[in-house]
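Please keep the sequence and the structure in view while working through the numbered paragraphs.

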Amino acid sequence: FFFFFFFVCDLFLCDLCCGPDCPSVEMRAPDALLLRVALLLLLLTTVRGTLAPDSHKSKSKTKESALRGGPQDQDVFDLGLVSPEPLAKDIVSNHRGYFKETGLRRFNGTTLGYVTPWNSHGYDVAKIFAKKFDIISPVWLQIVKQGDRYAVAGTHDIDAGWLTDVRRKGKQVHNQRTVKVFPRFIFDHFTDRDIKLLLSDAQERTKVNDVLIKCCKDNGFDGLVLEVWSQLAGRIDDKILYTLVLQMAKELQKQQLRLILVIPPFRKETGHLFGEKHMDKLFKHIYAFSLMTYDFSSVQRPGANAPLYFVRKAVETIAPEGCADMTAKRAKILLGLNMYGNDYTPDGGGPITFSQYLDLVRHVKKHLTYDERDVENFFEIKNDDGRHIVFYPTLYSINERIKLAQELGTGISIWELGQGLNYFYDLF
């Protein structure tokens with residue numbers, strides 16, 4: 001480059017000083033040498049100004065943050081990223097990074113994170129941020145009926161090495177506490193006859209509980225998460241559901257195991273499938289309640305995933321302000337936070353996780369829209385696939401729900417780890 005530069009300079013100076021007929025360098029004007037030196041100094045200054053790492057020229061935040069990924073020296077608050085109307089380019093540039101002090105906790109209530117075998121990134125998230133969680137719930141297992149016997153299906157998904165890593169990384173040095181593991185169980189492929197027999201016969205329930213206890217003991221689980229209330233509530237008498245859940249809780253407790261019950265939120269269309277009276281009956285015997293405060297909207301009724309007023313009402317319906325034992329009840333409620341979103345299209349659309357979201361948000365040129373009523377962000381775009389209206393959590397929307405949990409005195413349950421963006425975990 002320099003040789004080429006001087007060749008051009010020589011031609012230019014020759015023409016400048018002596019005209020096109022100058023036969024040699026010796027015949028040029030003496031001022032030409034000084035001019036060449038000046039041009040060389042100008043070139044060096046220009047090259048340094050472009051390439052030097054300590055250039056005095058200011059760099060844009062976007063270019064600096066484009067390299068952000070993995071552990072970082074600053075968290076999302078220090079970087080000023082928790083904004084009600086974030087810039088799309090800031091999301092794209094910063095989402096892979098997270099504060100290097102992954103053991104720092106901002107939320108002191110009980111925090112549960114679900115992990116599923118169909119979302120492998122969740123396994124990594126659980127290990128990286130293990131100290132931020134009190135409970136990890138792998139979605140691996142199902143209770144199935146085999147003739148007159150009961151069994152646990154899905155055991156092939158149990159990853160003992162990963163469980164060891166999570167517990168080791170989640171160990172708190174000062175208080176010797178570590179993250180607990182409560183796998184989620186559902187009743188799978190039960191016929192109406194199977195359900196009726198289970199609910200009407202105490203010996204059948206004991207058979208189920210014995211299978212569950214053995215599975216927990218064999219694999220070193222601390223308890224289990226049971227998802228049955230939303231399946232059966234409204235279909236059978238509450239008294240029968242109480243009997244099923246309380247018997248399981250008490251038999252697990254005798255073996256130093258704990259039960260977390262998944263419960264639905266209040267909705268106008270379904271009524272009080274789980275309300276204050278249910279909490280009064282169960283809270284002293286149940287370790288915690290995983291409240292499903294998401295899926296407020298759907299393809300049939302597009303909109304926010306979990307409006308803040310809806311989340312608040314779901315908690316206050318179960319444990320109203322000023323009720324008996326309010327503090328104890330709310331401490332056992334794990335307010336649900338969704339890490340997924342929804343992409344609504346003319347054809348319907350459906351749920352999306354981080355990879356689909358990033359593909360869509362890259363098309364947004366400015367700020368995301370903020371809905372003050374729902375306290376959620378969304379955006380609208382039109383690409384080669386057509387029109388999209390996208391609702392997905394942001395740092396701001398998640399932080400507002402964490403603040404709500406702190407205000408109400410509840411814990412948090414996250415559905416699910418690996419669906420969201422890495423920098424979300426700076427908030428917890």
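1. Arg 301 lies over the face of Phe 296, at 4.8 Å from the ring centre. A charge is said to sit over a ring if NZ of Lys or CZ of Arg is within 6 Å of the ring centre and within 35 degrees of the ring normal.

2. This is a predicted model, in which local features need pLDDT of at least 70 and side-chain atom pairs count only at pLDDT 80 or more, while totals for chains, interfaces and linings use all residues. Residues are numbered from 1 along each chain as its sequence is written, and side-chain values use heavy atoms, with hydrogens and water left out.

3. How many aromatic pairs does the structure hold? There are 23 aromatic pairs. Rings of Phe, Tyr and Trp (its six-membered ring) pair if their centres lie within 6.5 Å; planes under 30 degrees apart count as stacked, over 60 as edge-to-face and the rest as tilted. One of the pairs is that of Phe 133 and Tyr 425, which is edge-to-face, with 6.4 Å from centre to centre and 70° between the planes. Phe 133 lies in the loop between α5 (121–128) and β4 (135–138) and Tyr 425 in the segment after β18 (411–415), so the pair ties together parts that are 292 residues apart in sequence. Helices (H or I, at least four residues) and strands (E, at least two) are DSSP runs, numbered from the N terminus.

4. Phe 133 and Tyr 425 are both buried. Buried means under 20% relative accessible area, exposed over 50%, and partly exposed in between (1.4 Å probe, protein chains only). Together with Tyr 98, Phe 129 and Phe 428, Phe 133 and Tyr 425 form one aromatic cluster.

5. The α5 helix also packs against helix α6 (residues 160–169), at an angle of about 30° and with the axes 8 Å apart. Axes are lines fitted to C-alpha atoms, for helices over the stretch in contact, and angles run from 0 to 180 degrees between N-to-C directions. The two helices, α5 and α6, are therefore roughly parallel to each other; angles under 35 degrees count as roughly parallel, over 145 as roughly antiparallel, 65 to 115 as roughly perpendicular and the rest as oblique.

6. Which residues meet where α5 and α6 are in contact? Tyr 123, Ala 126 and Lys 127 in α5 meet Trp 162, Asp 165, Val 166 and Lys 169 in α6. Contact means heavy atoms within 4.5 Å.

7. Asp 295 has a phi near 60°, a positive value in a residue other than glycine, and its place is in the loop between β11 (288–291) and α12 (308–318). Asp 325, likewise not a glycine, has a positive phi of about 55° and is found in the loop between α12 and α13 (326–331). Asp 295 counts as partly exposed at 41% relative accessibility, and Asp 325 counts as partly exposed at 45%.

8. A cis peptide bond joins Trp 415 and Glu 416, with omega at about -10°. Glu 416 has its place in the segment after β18. As background, most residues other than glycine have a negative phi, and most peptide bonds are trans.
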